[in-house]
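Here's a friendly walk through the model shown below. Take a look at it first, and then we'll go through a couple of helices, the core and the ligand.

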Amino acid sequence: MVPQARDTDILILGAGGAGLFAALHAHQAAMRAASPLSITVAVKGLLGKCGCTRMVQGGYNVALAKEDSVERHFMDTIEGGKWLPDQELAWKLVTLAIERIHELENELGCFFDRNPDGTVHQKAFAGQTFDRTVHKGDLTGIEIMNRLAEQVWARRIQRLEEHRAVELVKSADGASIAGVLFIDMRTGDYLFVRAKAVLLATGGGPTMYRYHTPSGDKSCDGLAMALRAGLALRDMEMVQFHPTGLLAGTHTRMTGTVLEEGLRGSGGYLLGGDKQRFMPNYDPKAERATRDFVSRAMFSEIRKGNITPHGGLYISMAHLGPERVRKEFKGMVERCADCGFDLAGGLVEVVPTAHYMMGGVEFAADCTTSLPGLFVAGEDSGGVHGANRLGGNGVANSTVFGAVAGDSMAAWVQKHGRLASPAEFDIAAYERPFGLPRGDVEAIREKLYETMWERVGIIRDAAGLKRALGELDALDGELDRTGIGTQSRAFNLSWHDWLNLKSLVSVSRVIAQSALAREDSRGAHYRDDFPDTSALGTSAFTSIKAAGPVTMKPVAFTRVRPGQSLLKHAA
Ligand SMILES: Cc1cc2nc3c(=O)[nH]c(=O)nc-3n(C[C@H](O)[C@H](O)[C@H](O)COP(=O)(O)OP(=O)(O)OC[C@H]3O[C@@H](n4cnc5c(N)ncnc54)[C@H](O)[C@@H]3O)c2cc1C
């Protein structure tokens, strides 16, 4: 099958906060330079309707209040990240978040909640020393994505919807990116798009865990493609579990979806199966401790058997007053009611759920990567959050670095851009399941869930991780022998499930390898056999390529060292 071909100057993979901000900024930069660029956004789902930015509930961290400061936001990010974040990336995050939130409000038309005096309302999120989370009720992402999508639709930006990127294709001389190979999911045809600059913004997504929050279109495709293209990923052992995934039984896909952080931030209690609070026994900050502590405490409590009918724990909000809960958390109250729970006045069953990957492609503060012409932004990138992401820093990350990437790509194309002839590429790997006898793809998914949840999840050890690596190799082999039992290509979900699993298994391997290499516990990564955090002053992050071993690279403390602070009153 010969792929069709087309050309564009800038090709953006993914249409979440990172991808759409990149498109708008690249477009704006080109207009400013009075040299229009052709910009194409390609996305696995429908533009504006897929990905996780749309699912953002809680909100957006930004230092707006006069009592707050970028230094405080920065210190919260570094300390929350257990001194692993790249400090230049974190600084860019906290400083440019202010510009982006003003752009979202004043140029793109987002309405965020306000105080009676007209200032923007900022609410509490766990793990932060200041209430700095800007929001629109508890459905902030819908507001942001609707406005971003409208603005993209209003401009001459090309769209390739329901197009799945499968391979980053280098130039024939291997010196740069040449373009991207896609499957048009509507027809099953292949399309090769040649581009001068490509942005990877497919949003990671730890959907290899039994309980997970991200949208179903996310299967780590971008990270898997980056590995195949020879790029290094960092911090891959750092997978964040959100403490409060809804647990409504196996019959519903609502299980695993997140109940937002603001519930704990505003004073919600977690209860065991015995209906008693347990968090004060684990951490002085109790339910307002960071996600890693709370998830681990919950996992321990579940292992002790202090569980609810579905095998999880409870969240209780009723002591805050049902009226207040209904008003402040309308979306969450409705979501729980849909599953038969009364969030405002009763108890809701919850379980920790895989939420976010702090790890991703190594990149510089201008969003360039080690492959010239390839840029990265959002959840596909690694290094901004280190060992833990603060709630509210995720959408700030994707919008801040999406905008940076758009500006950088426009400048790069105008200076260096050329359409390169591509190296040879082969569609055989993607065609494989059509030529094999029909097997059980669902059973492979279940086994992947089991391996990742039990052995590469919230509590890990060397024996479990080694066993997991063996199991992942076996699963990859099993996939390579498993066909989908159909030849039809249009909207063939079995084919895409097979491809999703291929990406997930390859990224699961680097998570397990990185987790095995990090012989300490910090942030989201907890090793039962190495429960202590090693010296912060000599912190190093993991870096791994597809073929290679994990290397430990020292963190550069470019702005502040462990034990110091940028805050004037602090030591
Ligand atoms: C339920 C939930 C609640 C959250 N709440 C908050 C919050 O309150 N505050 C916060 O800061 N963060 C929150 N987050 C995290 C936040 O959503 C992410 O950090 C951020 O939105 C990621 O943006 P992104 O642009 O990188 O990826 P996404 O918004 O996920 O977009 C990824 C895009 O890539 C596309 N894609 C995927 N694979 C391919 C492929 N192979 N080819 C082409 N396109 C592809 C997808 O279809 C999608 O359009 C939440 C996440 C979830 C899941």
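Thr 140, Gly 141, Glu 143, Ile 144, Met 145, Arg 147, Leu 148, Ala 149, Gln 151 and Val 152 are the buried residues of α4, where buried means under 20% relative accessible area with a 1.4 Å probe, protein chains only. Helices here are DSSP runs of H or I with at least four residues, strands are E runs of at least two, and both are numbered from the N terminus.

A quick word on the ground rules: this is a predicted model, in which local features need pLDDT of at least 70 and side-chain atom pairs pLDDT 80 or more, while totals for chains, interfaces and linings use all residues. Residues are numbered from 1 along each chain as its sequence is written, and side-chain values use heavy atoms, leaving out hydrogens and water.

Back to α4: 10 of its 14 residues are buried, so the helix is largely enclosed by the rest of the structure. The cover over those buried residues includes α1, β3, α3, β5 and α10, counting contact as heavy atoms within 4.5 Å.

## The core

The largest nonpolar core has 131 residues, and Ile 511 is one of those with the most contacts inside it. Such a core is a set of buried Ala, Val, Leu, Ile, Met, Phe, Trp, Tyr and Cys residues joined through side-chain atoms within 4.5 Å. Helix α14 gives this core its largest share, 11 residues. Ile 511 also touches Met 452 and Val 456, among others.

## Around the ligand

What surrounds the ligand? There are 40 residues around it, and the closest include Cys 52 and Asp 217, with a residue counted if one of its heavy atoms lies within 4 Å. The table lists polar contacts, pairs of N or O atoms within 3.5 Å.

| Residue | Part of the residue | Distance to a ligand nitrogen |
|---|---|---|
| Gln 57 | backbone N or O atom | 3.5 Å |
| Gly 59 | backbone N or O atom | 2.8 Å |
| Arg 389 | side-chain N or O atom | 3.3 Å |

The protein covers 98% of the 1000 Å² of accessible area that the ligand has on its own. Helix α10 gives the largest share of the shell, 4 residues.

Notes. Buried < 20%, exposed > 50% of the residue type's maximum accessible area, 1.4 Å probe, protein only. Polar contact = N/O pair within 3.5 Å; in protein donor to acceptor, adjacent residues only side chain to side chain. Areas by Shrake-Rupley, 256 points an atom, 1.4 Å probe, with all protein chains shown as cover. Lists of a residue's contacts leave out its neighbours within four places in sequence.
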